[in-house]
Amino acid sequence: MGDTLEVLVTNDDGIDSAGIRAVSNSLAEVADVTVVAPLEDQSATGRSLSHEVDVVEHELGYAVDGTPADCVVAGLAELGPVPDLVVAGCNRGANLGEYVLGRSGTIGAAVEAAFFDVPAIATSMYVPIERGPVYEADLGQEEYAEATRVTTFLAENALEAGVFEHAGYLNVNVPVAGGDPAPVEITHPSKRYEMDAERDGETIHLTDHIWDSMDPEVIPDPPGTDRRAVAEGRISISPLAPPHSTNHHEILESLAEAYTEMRGSVRADVSD
């Protein structure tokens, strides 16, 4: 890393969202920032990639007509200097639990960076359900103050502290700013999963019920999870690694051996 921190900033809400402007403005006070973000909202696109994408210059940087993962690849390979860090966010709405890690475009951008061996921070802001649907929430930059504060602190300090020697990326979730700065908890993703589907004629409605129980008095997620920390008003930081790790599995090895033996007997029968 050189004397000046180089940061690539992207998101999945789109380059015109308040969250990315708040984060990029804050990071610009401590780093050289290159913004490469989707032209339009790309929420829940995971790590989807496009064959080719159009790019246009924007007052913040570059707007790419593609996904967050497209933006990371384009930013790292073509549109900016090689960054020390990728920051994705701040997303409008939390990204909590194991099940969202493959769905979220915000997390997808961080994972894409991690596969390039570039450390990343994905930052999202929890919007309480009583404020209505998250996609309708009217949030100004000032409400991202908690997110910008912790993201900028991590950008300045996590690399030198060696955090990314043990993590590929950080999944950071924060409450809406208000009052004193929120305390921080190092967490792991919740394992809860409560998706449901209901058919209505020719339409099937898919519903994520997990957001129905965020009341800190009754939330079922155990202590130490990202969901409980955020519900109780803390900043959640989960240090994570890219997926697809392989575990030794003796039972599966025995099945593979059995298949090999079966294949040998089939060949013998065919040759006969």
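Let me start with the chain as a whole. There are 272 residues in the chain, and 48% of them count as buried. The secondary structure comes to 6 helices and 11 strands. Along the principal axes, the C-alpha trace spans about 75 × 45 × 45 Å. Take the contacts between residues at least 6 apart in sequence: 76% of those join residues at least 24 apart.

Now back to the opening question. Helix 1 runs over residues 18-27 and is mostly covered, with 7 of its 10 residues buried. The buried ones are Gly19, Ile20, Ala22, Val23, Ser24, Ser26 and Leu27.

Next is helix 3. How many residues of helix 3 are buried? The count is 10 of the 11, so helix 3 is largely enclosed by the rest of the structure. If you want to find them on the screen, the buried residues of helix 3 are Gly105, Thr106, Ile107, Gly108, Ala109, Ala110, Val111, Glu112, Ala113 and Ala114. The cover over these residues includes strand 1, helix 2, strand 5, strand 6 and strand 7 (169-175).

The axes of helix 2, residues 68-79, and helix 3, residues 105-115, come within 8 Å of each other and cross at roughly 30°. Angles under 35 degrees count as roughly parallel, which is why helix 2 is described as roughly parallel to helix 3. The crossing of the two helices is right-handed. On the helix 2 side, the residues in the contact are Pro68, Ala69, Val72 and Val73, and on the helix 3 side they meet Gly105, Ala109, Glu112 and Ala113. By type, the residues of this contact divide into 6 nonpolar, 1 polar and 1 charged.

On to cysteines. A disulfide is a covalent bond between the sulfur atoms of two cysteines. How many disulfides does the structure hold? The number is 0. Cys71 is in no disulfide, and the nearest cysteine sulfur to it, that of Cys90, is 17 Å away. Seen from the other end, the sulfur of Cys90 has its closest cysteine sulfur in Cys71, and 17 Å is too far for a bond. The cut-off used for a disulfide is a pair of cysteine sulfur atoms within 2.5 Å. Are these two cysteines buried or exposed? Cys71 is buried, with a relative accessible area of 0%, and Cys90 is buried as well, also with a relative accessible area of 0%.

Stay with Cys90 for a moment. Cys90 is found in strand 5, and the peptide bond leading from Gly89 to Cys90 is cis, with omega near 5°. For background, most residues other than glycine have a negative phi, and most peptide bonds are trans.

That background also covers my next two residues. Ala44 is not a glycine, yet has a positive phi of about 65°. Ala44 is found in the loop between strand 2 and strand 3 (55-57). At 63% relative accessibility, Ala44 counts as exposed. The second case is Asp117, another residue other than glycine, with a positive phi near 65°. Where is Asp117? The place of Asp117 is in the loop between helix 3 and strand 6 (120-126). Asp117 also counts as exposed, with a relative accessibility of 71%.

Is Leu206 buried or exposed? Leu206 counts as exposed, at 65% relative accessibility. Leaving out residues up to four places away in sequence, Leu206 touches Met195, Asp196 and Ala197. Of Leu206 and Met195 we can say that they are 11 residues apart in sequence and 7.2 Å apart in space, C-alpha to C-alpha.

To recap: helix 1 is mostly covered, and helix 3 is largely enclosed by the rest of the structure. Helix 2 is roughly parallel to helix 3. There are 0 disulfides, and the peptide bond from Gly89 to Cys90 is cis. Again, the model is predicted.

Methods: Residues are numbered from 1 along each chain as its sequence is written. This is a predicted model: local features need pLDDT of at least 70, side-chain atom pairs count only at pLDDT 80 or more; totals for chains, interfaces and linings use all residues. Side-chain values use heavy atoms; hydrogens and water are left out. Axes are lines fitted to C-alpha atoms, for helices over the stretch in contact, and angles run from 0 to 180 degrees between N-to-C directions. Helices (H or I, at least four residues) and strands (E, at least two) are DSSP runs, numbered from the N terminus. Angles under 35 degrees count as roughly parallel, over 145 as roughly antiparallel, 65 to 115 as roughly perpendicular and the rest as oblique. A crossing is left-handed if the near helix is turned anticlockwise from the far one by less than a right angle, and right-handed if clockwise. Contact means heavy atoms within 4.5 Å. Ala, Val, Leu, Ile, Met, Phe, Trp, Tyr, Cys and Pro count as nonpolar, Asp, Glu, Lys and Arg as charged, and the others, Gly among them, as polar. Buried means under 20% relative accessible area, exposed over 50%, partly exposed in between (1.4 Å probe, protein chains only).
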